[in-house]
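This briefing covers a few places in one protein chain. Look at the strands first, then at the loops.

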Amino acid sequence: MVIKKVTDPAFKKYGQILKSYDCSEIIETMKNSTPLPSDVVYEPSVKVLESLDIFNELQNREYGGLPIQIGYCNGNNYMLNAVEYHRSSEINIAVTDLILLIGSQQDIEDDYSYATSNIEAFLVPAGTAIEVYATTLHYAPCNVEDTGFKCVVVLPKYTNLPLEKSVEKTGEDALLFARNKWLIGHKDTDLGSQGAFIGLVGENISLK
């Protein structure tokens, strides 16, 4: 698979690089205060990250005053496994080099299946902050180095937390997996047993 950089014009339909933020403090905090497991761990809201000055700046500027949460996704991963989308942009800050496997919500079929052949790969260099648009399909980052990856994840408050009310699993509602999280899983994972909609068609992409 060809891995492009987020500076490539091909990334513009998926998101944008955020250049007007000082991310040094949150990157150092991530390096010193968050784990790097052998698998993947996601924490949606982390107090030590939300206590930093960048929290208010991102909340007021990037989300126009809406309540936000700052967490992280760290670990080791080389697989696609699933794609998800939100009704809002997601901000990622790469603490290490990492690769995002992404696609477009517009390419989801009428039956809510999605062909993995549509996926593109982009390298996000360490220290880079990006906005991932609401219509961009994404999931856990992938390793560049064998030592793993660390990534700050910023989203509207309560995103990815468990649903408080169930919905009938018809149409797009079948994809609703958590708060503000619509997910399509691959059959070669255990996501189906967790209640996820299995609709990825094609190989479960691996970068290893």
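In this predicted model, strands β5 and β15 (residues 181-185) run antiparallel and are joined by four bridges. The points below start with this pair and then turn to single residues elsewhere in the chain.

- Tyrosine 85 has tryptophan 182 of β15 as its bridge partner.
- Strand β5 spans residues 82-85 and is covered on both faces.
- Ala82 and Glu84 are buried on one side of β5, and Val83 and Tyr85 are buried on the other.

**A charged patch and its loop**
- Asp107, Glu109, Asp110 and Asp111 form a negative surface patch.
- Glutamate 109 sits in the loop that links β7 (98-104) to β8 (114-115).

**Aspartate 173**
- The loop between β13 (149-156) and β14 (176-178) holds aspartate 173.
- Its relative accessible area is 35%, so aspartate 173 is partly exposed.
- From C-alpha to C-alpha, aspartate 173 and glutamate 25 are 39 Å apart in space, and they are 148 residues apart in sequence.

**Phenylalanine 197**
- Phenylalanine 197 belongs to strand β16 (residues 197-198).
- With a relative accessibility of 22%, phenylalanine 197 is classed as partly exposed; buried would need a value under 20%.
- Lysine 187 and phenylalanine 197 are ten residues apart in sequence, with 9.5 Å between their C-alpha atoms.

Definitions and conventions: Residues numbered from 1 in each chain as written. Predicted model: local features only at pLDDT ≥ 70, side-chain atom pairs only at ≥ 80, totals over all residues. Heavy atoms only, no water. Patch = residues over 30% accessible without salt bridge, like charges linked within 9 Å, V, L, I, M, F, W, Y side chains within 5 Å. Areas by Shrake-Rupley, 256 points an atom, 1.4 Å probe, with all protein chains shown as cover. Salt bridge = Lys/Arg side-chain N within 4 Å of Asp/Glu carboxyl O. Lys, Arg positive; Asp, Glu negative; His and termini not counted. Charge placed at Lys NZ, Arg CZ, Asp CG, Glu CD. Helix = DSSP H or I, 4+ residues; strand = E, 2+ residues; numbered from the N terminus. Buried < 20%, exposed > 50% of the residue type's maximum accessible area, 1.4 Å probe, protein only. Pairing = 2+ DSSP bridges.
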